[in-house]
Amino acid sequence: MWLLLLLAVAVVIQRSSFESNSADAGGAIAIYGPLVQIKECNFVRNTAASLNGGAVYVFGPTQETLRGGFSLNKGVCMVISSSQFTDNVGSAGGAIYIFNATALNISNVQLVGNVAKWGGGMCVEEGALGRCWPWERTCLPNENIWVAHF
């Protein structure tokens, strides 16, 4: 059992399998960074023991105030493709939890049997993404995707 914690500018995880891992947040992977790609991966029976993201926890950098009072929402741009998330468990985002997302591209991804109080498959909180999706807060707890903006 191990946890992959990445603090980076860009992260690419490809052709990897993560099975039966456990951590407080992000049972298999916890990432803090602005650019994340997960491609051709399998996540099976991973658990976020006390927090979010049964398999994957991604936290985008937060807002920064620039000279002259302008603010920049850094956030995370994330691409998930050709991957499977099966039987993962977390408080929010049974498979995937993303905080402070500015862009999200998901293609050919299977979310099966993942369990969470909010977003069995995926939970997206805050960030520009939470503000622009027209269906924010329309998914009920434990359905596949849950988007919240506070």
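Visitor: In the pairing of Gln-37 with β12, which residue is the bridge partner?

Guide: This is a predicted model, in which local features need pLDDT of at least 70, side-chain atom pairs count only at pLDDT 80 or more, and totals for chains, interfaces and linings use all residues. Residues are numbered from 1 along each chain as its sequence is written, and side-chain values use heavy atoms, with hydrogens and water left out. Strands here are DSSP runs of E with at least two residues, numbered from the N terminus, and two of them pair if DSSP finds at least two bridges between them; β6 and β12 meet this with five bridges in the parallel sense. Within β12, the bridge partner of Gln-37 is Val-79.

Visitor: Over how many bridges do β12 and β14 pair?

Guide: One of the residue pairs is Ile-80 with its bridge partner Ile-106 in β14. The sense of the pairing between β12 and β14 is parallel, and the number of bridges is ten.

Visitor: Is Ser-81 buried or exposed?

Guide: Ser-81 lies in strand β12, which spans residues 76–86. Counting contact as heavy atoms within 4.5 Å, and leaving aside neighbours within four places in sequence, Ser-81 is in contact with Ile-38, Lys-39, Glu-40, Ser-107, Asn-108 and Val-109. Buried means under 20% relative accessible area, exposed over 50%, and partly exposed in between, with a 1.4 Å probe and protein chains only. With a relative accessible area of 13%, Ser-81 is buried.

Visitor: How many salt bridges does a search of the whole structure find?

Guide: A salt bridge is a side-chain nitrogen of Lys or Arg within 4 Å of a carboxyl oxygen of Asp or Glu. Glu-40 forms one with Arg-15, the closest N and O atoms being 2.9 Å apart, and this pair links the loop between β6 and β7 to the loop between β2 and β3, 25 residues apart in the chain. Arg-45 forms another with Glu-19, where the closest N and O atoms are 2.4 Å apart. The search of the whole structure finds a count of two.

Visitor: What distance is given for the polar contact between the side chains of Glu-125 and Tyr-97?

Guide: Glu-125 is found in strand β15 and is buried, with a relative accessible area of 13%. A polar contact is a pair of N or O atoms within 3.5 Å; within protein, one must be able to donate a hydrogen and the other to accept it, and residues adjacent in sequence count only if both atoms are side-chain atoms. The contact joining the side chains of Glu-125 and Tyr-97 is 2.6 Å.

Technical notes: Helix = DSSP H or I, 4+ residues; strand = E, 2+ residues; numbered from the N terminus.
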